[in-house]
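Take a look at the two chains below.

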Amino acid sequence: PADTFHNLQELHHSASLATKVFIQRDYSDSTICKFQTKFPAELDSRIERSLFEETVKTLNCYYGEAEKIGGQSYLEGCLACATAYIIFLCMETRYEKILKKISMYIQEQNEKIYAPRGLLLTDPIERGMRVVSFANTWDVFLSVGTTLKELCTIYKL
Amino acid sequence: MDTPHTKKKKIKRKWQVFPGRNKFYCNGRIMIAKQTGVFYLTMVLILVTSGLFFAFDCPFLASNLTPAIPAIGGVLFVFVMGMLLRASFSDPGVLPRATPEEAADIERQIDATNGPSGPGYRPPPRTREVLINGQTVKLKYCFTCKIFRPPRASHCSLCDNCVERFDHHCPWVGNCVGRRNYRFFYLFILSLSFLTIFIFAFVITHVILSKSISVFLDGCTVLEVVVCFFSIWSIVGLSGFHTYLMSSNQTTNEDIKGSWSSKRGKGNYNPYSYGNFITNCCAALCGPLPPSLIDRRGFVQPDTPQPAAQTNGTGACPSNQVQSHMVRRPYSVLSQRE
């Protein structure tokens, strides 16, 4: 029983080993972080195109905001330079704050939209900002189910 | 059975399994290149020259001219050291290597584009073309990191890492200069130029004002003058060169290769430039600082397949590993009960 719970707890880790769909970066706007909004064929039967596009477009918006060069970033940059960058020991950069918002958004999207459809969206920061990956969690449920079955057989439940 | 082993297995931090050729200190907080000999030389030169200046010239100058001289010198020195340490010890923008699934996915895409290959058929070099602001840019595939390098990224052979917006590998700083530490590098060489000129000027002033030959011939003075004289030519020149690069938003790598030179062809221009030198400089110095992508102090997740360099197999199926690992557990439970 304790191990069963442990297996279910490892759902997220195991999802990293399941089959995946990768959304690559879109470099057409120079090196700013942007992901391709083209709907991949593998997700055709799993999720509505509009939901997928909305998620990717929102993520692109967040990254665009983080990398935006404007008044606030100049202020932060100049202040940091004036304090010989010591200020970053006590203060979070704007980029880091937005990354936190992004991970909360991804968590929310997973809970509301992707988990019910058997998909798990991973945060691009875990993949070196190269890809947005969709893991197929049905594979994982299958392997967890197999383990439960084995356990039941062993304990003769 | 591996039960007692799995229970007591020490969890490693990511820097301990980092595939590149970097050295880490302070439990992953500091990262530096493998060869650091020249970096120590830089430190020694700056510390010794500044130390001699503060010890021998400043008392005279403070009393005879103004105490503002050592004060300004002190501020400059602290700034130079701060920027040097920041440039040397921070992550230049290393791109983490592809996980096995990512690498497999890219291989599939490449095979799909290239088509089937017969025996003896040499596959074409792996490149992808991207249109950036109207300019065609070729993205190259990195065989070590198993990724298509983003634009402006390059693989450093000394550190064995792909670095974003790779400028160059600086042995004086003991690290690559890339997206995340370019501003620290630039501010280091700029402030060092000022410090060198400052020390040189005031040592000469000391010699002239003291009107004594003993000061002129003093070993310390000679050392300071010699070091500063040679440094000024190289460092001021380097600062000037990097000011030009920064104002045109180019990297040293691109400038050497002549990537955006008009000699390459008509209509060849730099697609990354913002148009005017002020915006380019502000973007480079005051733009947002992206976070490190390698998460060196994070913990390695157990059961997660390690990226490219660590695996011995050739794209082994991870899903089989899941099944076998999960199936193994009931047997380990059994052995616990026994």
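**A helix pair, then the chains around it**

In chain B, helix H2(B) passes H5(B) in a left-handed crossing. This is a predicted model. H2 covers residues 37-64 of chain B, and H5 covers residues 182-210 of chain B.

Which residues of H2(B) make the contact with H5(B)? From H2(B) come Thr42(B), Ile46(B), Thr49(B), Ser50(B), Phe53(B), Phe56(B), Asp57(B), Phe60(B) and Leu61(B). H5(B) answers with Phe188(B), Leu192(B), Leu195(B), Phe198(B), Ile199(B), Phe202(B), Val203(B), His206(B), Leu209(B) and Ser210(B). By class, the contact holds 13 nonpolar residues, five polar ones and one charged one.

An unreviewed entry lists "transmembrane region" for residues 38-56, 68-87, 184-209 and 215-238 of chain B. Take two of these spans in the model. Residues 38-56 of chain B are 100% helix and 0% strand, with end C-alpha atoms 27 Å apart. Residues 184-209 of chain B are also 100% helix and 0% strand. Their end C-alpha atoms are 36 Å apart.

Now move along chain B to a loop. Thr251(B) sits between helix H7 (219-247) and helix H8 (252-257) of chain B. Is Thr251(B) buried or exposed? Thr251(B) counts as buried because its relative accessible area is 1%, below the 20% cut-off. Beyond its neighbours within four places in sequence, Thr251(B) touches Arg152(B), Arg165(B), Phe166(B), Asp167(B) and Leu245(B).

Two of those partners deserve a stop. Most residues other than glycine have a negative phi. Arg152(B) has a positive phi, near 75°, and is not a glycine. Arg152(B) lies in the loop between strand S6 (147-148) and strand S7 (154-156) of chain B. Its relative accessibility is 12%, so Arg152(B) is classed as buried.

Arg165(B) is placed in the loop between strand S8 (161-163) and strand S9 (168-170) of chain B. Arg165(B) is buried too, because its relative accessibility is 15%. Both arginines are in contact with Thr251(B).

Step back to chain B as a whole. It has ten helices and ten strands. Of its 338 residues, 47% are buried. Take the contacts between residues at least 6 apart in sequence: 66% of them join residues at least 24 apart. Chain B exposes about 17600 Å², and 63% of that comes from carbon and sulfur atoms.

How many residues of chain A are buried, as a percentage? The value is 48% of 157 residues. In chain A, 56% of the contacts between residues at least 6 apart join residues at least 24 apart. Its accessible surface is about 8100 Å², with 61% belonging to carbon and sulfur atoms.

UniProt also annotates chain A. An unreviewed entry gives "domain: Golgin subfamily A member 7/ERF4" for residues 21-132 of chain A. In the model this span is 46% helix and 9% strand. The end C-alpha atoms of residues 21-132 of chain A lie 8 Å apart.

Definitions and conventions. Residues are numbered from 1 along each chain as its sequence is written. Chains are lettered from A and ligands numbered from 1 in the order in which they are written. This is a predicted model: local features need pLDDT of at least 70, side-chain atom pairs count only at pLDDT 80 or more; totals for chains, interfaces and linings use all residues. Side-chain values use heavy atoms; hydrogens and water are left out. Axes are lines fitted to C-alpha atoms, for helices over the stretch in contact, and angles run from 0 to 180 degrees between N-to-C directions. Helices (H or I, at least four residues) and strands (E, at least two) are DSSP runs, numbered from the N terminus. A crossing is left-handed if the near helix is turned anticlockwise from the far one by less than a right angle, and right-handed if clockwise. Contact means heavy atoms within 4.5 Å. Ala, Val, Leu, Ile, Met, Phe, Trp, Tyr, Cys and Pro count as nonpolar, Asp, Glu, Lys and Arg as charged, and the others, Gly among them, as polar. UniProt positions are given in the numbering used here, feature names are shortened, and annotations may be inferred rather than shown by experiment. Buried means under 20% relative accessible area, exposed over 50%, partly exposed in between (1.4 Å probe, protein chains only). Accessible areas come from the Shrake-Rupley method with a 1.4 Å probe; for residues, only the protein chains shown count as cover.
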